[in-house]
Amino acid sequence: MKIFPAIICAISLLFTGCGGEDAENQEMQETPTRVKAIKVLTTNAPLTLSYSGQVVDRDEMNVQSKVTGSVVEKYVKGGQDVVAGQMLFKIDDRQYQAAVLQAEANLAKSKTALAKERVDLQRNEELWYSSAISEQTLVNQRAAVQSQESEVAANEAMLQKARSDLADTIVYAPMSGRLGIDDVPVGTLATAGTTPLATIGLVDPVYVQFAVSEQEYLRISRGEHDSSNSSHPDFRISLTLADGSKYPYPGQFAEYDRAMGNETGTLTIRTIFKNPEGLLVPGMYARVEINGLKIPNAMLVPERALQQLLGETMVIVVGPDNKSAIRKVKLGEKIGSYYIVKDGLKPDDLIIVEGLTMLRDGMPLEVTQVTEKDMDFSFNPSEKIFNVESSAKK
């Protein structure tokens, strides 16, 4: 958009009436100004939304040991791709081997004691049947057997735990993915459930997340719904990398945040992209483009026809009797060579696109009507497609 000095005079004439009848008589005697004008374009405008996105892991977690001890061996290197169940680290297992041996000994001892108590119970039952001992003696012996059975069960549980702890001295990959390079060195003291030994995350596919305004979210959501009904076959999500190259795989919507951000007024969206070559790395920035959206019955004017003064946006139209007329307009999205006009124009207005420099309100015109093709206007998106109102809010 351009700011023309002559517009100041035009605004003065429009709002203050400066110059009176003499100025009007003088204008009537002026030679018509040659201009080119184009009719307001009303169509279902194709809209491309573009955002700065960031690549994030689809899933990421810290790998931790279930037992406490020093790391004595590493089976992998940082940055390596691993599969679920692959060995990663070994924790010093000497104390856990000793615990297994101790638990086995305790269990064997308790089983021996249980066997003795059962023999005594059998003997006492025979003696009680022959009235050689009291019933209380028999009851006490039965209680002793039950107590020893509980001891055996407790020692079996202790042995199971000791064997589990010993098995846990080998740390396995909990999922398939790629290790970070922040893995710990050999000799690190790992505390059970606390010390992160490494991070691991999925690299194929990956998420690319970005934030959208409320209005943009509604358009995207409706466009996604329409595309599922095949009414928008061109609806697609693409990615442009930092070096300007196009990413070869299309994306899909994966997740929407549950609420708009109170401070930013935006909603976070995650799209998912295949990443078989591992080209996309978490933390990388890329431009996300959403194509195939339509704005029905949009009223469009070329960007070169727009003028700004004191925060107002205006165009000059061919008014009655082929005279120039200034119109204030309210803009929406920019689409290629055009801006959507939300208010201020009528569908049959002729907008001046060439010869604007010295125009004032009410000047006679010699109009040549041109077409979009004549002026090389198109819907091809520029690098920045944005909503004027939402950008102002941000």
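1. A salt bridge is taken here as a side-chain nitrogen of Lys or Arg within 4 Å of a carboxyl oxygen of Asp or Glu. By that criterion the structure holds 20 salt bridges.

2. The model is predicted, with local features requiring pLDDT of at least 70 and side-chain atom pairs counting only at pLDDT 80 or more, while totals for chains, interfaces and linings use all residues. Residues are numbered from 1 along each chain as its sequence is written, and side-chain values use heavy atoms, with hydrogens and water left out.

3. D183 and K74 form a salt bridge whose closest N and O atoms are 2.6 Å apart. D183 lies in the loop between strand 8 and strand 9 (189-190) and K74 in strand 4 (residues 69-74), so the pair ties together parts 109 residues apart in sequence. Strands (E, at least two residues) and helices (H or I, at least four) are DSSP runs, numbered from the N terminus. D183 is buried at 17% relative accessible area, whereas K74 is partly exposed at 29%; buried means under 20%, exposed over 50%, and partly exposed in between (1.4 Å probe, protein chains only).

4. R219 and E333 meet in a salt bridge at 1.9 Å, N to O. The pair links helix 5 (residues 214-228) to strand 19 (residues 330-335), 114 residues apart. E333 is buried, with a relative accessible area of 3%.

5. Strand 1 (residues 33-39) runs parallel to strand 22 (residues 365-369), joined by 5 bridges; strands pair if DSSP finds at least two bridges between them. Strand 1 also pairs with strand 21 (residues 350-354) in the antiparallel sense over 4 bridges, where K36 stands opposite E354.
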